[in-house]
Amino acid sequence: MSGSAAALSPLRGRLLVVAAALLWSTGGLAIKLVPLPALGVAFWRSFVSGLFLLAVFRPSRERWRHAAPSTVVVYALMILTFVSATKMTTAANAIFLQYTGPLYVLALAPFLLKEPFRKADAAAFGVALVGMSLFFVGRLDPGALAGNLVAVLSGVFFGLTILLLRRDASGDAIPSVIAGNLFAAALALPFVWGHLALDAKGVALVLFLGIFQLGISYVLFVKGLKTVPAAEASLLGMLEPMFNPLWAFLGLGERPGTAASLGGAIVLLAVAGRTLVGARAGEAPTPPSPD
């Protein structure tokens, strides 16, 4: 065991995972503050993050073989839809609806991975659907409605990303995450070419998003997982959807609706409850993913 690994206590590992989740939670506010359309933000955020992670991990040629094209594409679509949803609807709606992703894992795993579908899965999915329905209660302007639908799609891509990473038996997600960020930037670029100029504030924001909110947070999370069980890491990762709306409220005065807040709470309870049930049964949980 190396000195650095030996020095990483369980408490420090938990603190690293918590720090990662809190950095992820700043994404909603920072994305909204960047003075560019959604795909412009997505381009800079993913491009900076991809280069940062490439410099930090420097994957060998052998490790690059673990980056499956399907995983890279789905990861990139998750990134693009999450940024778009955050720009189109409230930060709370975007993150709560994306966090339905683990439930799609439960629903699709029997078909894609031949994993069993349990009664607890059906109960969690049914409860989450009730919560999701509350995001569409009441009067919604067309932009918010479209944003909520894009957020639902982001949750689907989140779930598919987890399924594909689980399918890749190596468990080495780093090459796929790096390539996925760079591919997301490549997909966004043709739509925003010529409209990527930023002032000093915008430059600072995209550097924060790419290096800290996506890059350093992922490094901290990977390191923390060396001592933190995956189920516990999944639950600690839920600090992201809890704090994301708080930063948006403090920074922009953005308030999610009452129905959406209740729906978000129901979704998180469904995911957390299913994670705890799975942990007691010794199942592999769905870890949070940088978005």
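Residues are numbered from 1 along each chain as its sequence is written, and side-chain values use heavy atoms, with hydrogens and water left out. In this predicted model, local features need pLDDT of at least 70 and side-chain atom pairs count only at pLDDT 80 or more, while totals for chains, interfaces and linings use all residues.

Helices are DSSP runs of H or I with at least four residues, numbered from the N terminus. Two packed helices are described by the angle between their axes and the distance between the axes. Axes are lines fitted to C-alpha atoms, for helices over the stretch in contact, and angles run from 0 to 180 degrees between N-to-C directions.

Helix H7 (residues 91–98) packs with helix H10 (residues 142–167), their axes coming within 7 Å and crossing at roughly 30°. The crossing of H7 and H10 is right-handed; a crossing is right-handed if the near helix is turned clockwise from the far one by less than a right angle, and left-handed if anticlockwise. On the H7 side, the contact (heavy atoms within 4.5 Å) involves Asn93, Ala94, Leu97 and Gln98. These residues meet Asn148, Ala151, Val152, Ser154, Gly155 and Phe158 of H10. By class, the contact of H7 with H10 comprises five nonpolar, five polar and no charged residues. In this classification Ala, Val, Leu, Ile, Met, Phe, Trp, Tyr, Cys and Pro count as nonpolar, Asp, Glu, Lys and Arg as charged, and the others, Gly among them, as polar.

Eight of the eight residues of H7 are buried, so H7 is largely enclosed by the rest of the structure. Buried denotes under 20% relative accessible area, exposed over 50%, and partly exposed in between, with a 1.4 Å probe and protein chains only. The buried residues of H7 are Ala91, Ala92, Asn93, Ala94, Ile95, Phe96, Leu97 and Gln98.

The crossing of H8 and H9 is left-handed. Leu103, Tyr104, Leu106 and Ala107 of H8 make the contact with Asp121, Ala124, Phe125, Ala128 and Met132 of H9. The contact of H8 with H9 contains eight nonpolar residues, no polar residues and one charged residue. Buried positions in H8 are Gly101, Pro102, Leu103, Tyr104, Val105, Leu106 and Ala109. Just after H8, lysine 114 adopts a positive phi of about 60°.

Arginine 58, although not a glycine, has a positive phi of about 45°. Arginine 58 is located in the loop between helix H4 (38–57) and helix H5 (61–64), and counts as exposed at 68% relative accessibility. Glycine 253 follows H14 and has a positive phi near 70°. Helix H14 (residues 239–252) has 14 residues and reaches 20 Å from its first C-alpha to its last. This span is close to the 20 Å expected at 1.5 Å a residue, the expected span being 1.5 Å times one less than the number of residues. Within H14, the buried residues are Leu239, Glu240, Pro241, Asn244, Pro245 and Ala248.

Several individual helical residues were also examined. Serine 46 lies in helix H4 and counts as buried at 0% relative accessibility. Leaving aside neighbours within four places in sequence, serine 46 is in contact with Ile79, Asn181, Leu182, Ala184 and Ala185. Serine 84, in helix H6 (residues 69–88), counts as buried at 14% relative accessibility. With neighbours within four places in sequence left aside, the contacts of serine 84 are Ala38, Leu39 and Val150.

Valine 192 belongs to helix H11 (residues 174–192) and counts as buried at 4% relative accessibility. Not counting residues up to four places away in sequence, valine 192 touches Leu39, Gly40 and Phe43. Valine 192 and arginine 61 are 131 residues apart in sequence and 32 Å apart in space, C-alpha to C-alpha. Phenylalanine 221, in helix H12 (residues 200–224), counts as buried at 5% relative accessibility. The C-alpha atoms of phenylalanine 221 and valine 18 are separated by 8.3 Å, with the two residues 203 residues apart along the chain.

Methods. Helices (H or I, at least four residues) and strands (E, at least two) are DSSP runs, numbered from the N terminus.
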